[in-house]
Amino acid sequence: SSGKLLSVNASKSVDSVHLPMHYEPEGIALSYLCAGAPCVVGNLWDVTDRDIDRYCVTLLEHFLRSGQNNDDPNPSLPECVAAARDACKMRYIVGCAPVCYGVPVRCAS
């Protein structure tokens, strides 16, 4: 943050009020993407550890085993992220916290 304060003036002319809205993107996910990672999975908010552990195990099993069997389709990481939400007890609180940043990747066999 730049540490600047925003003042809102109640005037009739909106054109005369200049509101500088410049936010620099920052965070761990962006750092990984800038370093060359094609995709990053991260949580939007803090979650309980048991539910997210169950989610993570399901995600990794589904994603890493997807390319081993010829009968199974080869889902992308975002598809596996969405499918692993069913493993959580609190699906809409914990299961919806993980999101993908970047491009969809697939596990090569």
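Ala, Val, Leu, Ile, Met, Phe, Trp, Tyr, Cys and Pro count here as nonpolar, Asp, Glu, Lys and Arg as charged, and the others, Gly among them, as polar. By those classes, the second largest pocket has a lining of nine nonpolar, two polar and no charged residues. The model is predicted.

**Confidence.** The protein has an average pLDDT of 79. A score of at least 70 is reached by 75% of the residues. Residues 1-16 fall below 50. Beyond near neighbours in sequence, that stretch has five contacts in the model. The two ends of the range given for elements are tabulated here.

| Element | Residues | Mean pLDDT |
|---|---|---|
| α1 (lowest) | 28-34 | 89 |
| α3 (highest) | 77-83 | 93 |

**Core.** The largest nonpolar core holds 13 residues. Tyr55, Leu59, Phe63, Leu77, Val81 and Val105 have the most contacts inside this core. Two or more residues come from each of α2 (49-64) and α3. The largest share, four residues, belongs to α2. Val81 touches Val41, Tyr55, Leu59, Pro98 and Cys100, leaving aside neighbours within four places in sequence.

**Pocket.** The second largest pocket has a volume of about 180 Å³. Which residues line the second largest pocket? They are Val41, Gly42, Asn43, Ile52, Tyr55, Cys56, Leu59, Leu60, Phe63, Leu77 and Pro98. Strand β1 (39-43) and α2 each give two or more residues to this lining. The most comes from α2, with six residues.

Definitions and conventions: Residues numbered from 1 in each chain as written. Predicted model: local features only at pLDDT ≥ 70, side-chain atom pairs only at ≥ 80, totals over all residues. Heavy atoms only, no water. pLDDT = per-residue confidence, 0-100. Contact = heavy atoms within 4.5 Å. Core = buried A, V, L, I, M, F, W, Y, C linked by side-chain atoms within 4.5 Å. Buried < 20%, exposed > 50% of the residue type's maximum accessible area, 1.4 Å probe, protein only. 1 Å grid on protein atoms, 1.4 Å probe; cavity = no way out; pocket = protein on both sides within 12 Å on 5 of 7 lines; lining within 4 Å. Points joined across faces, edges and corners; volume = space filled by probe spheres on them.
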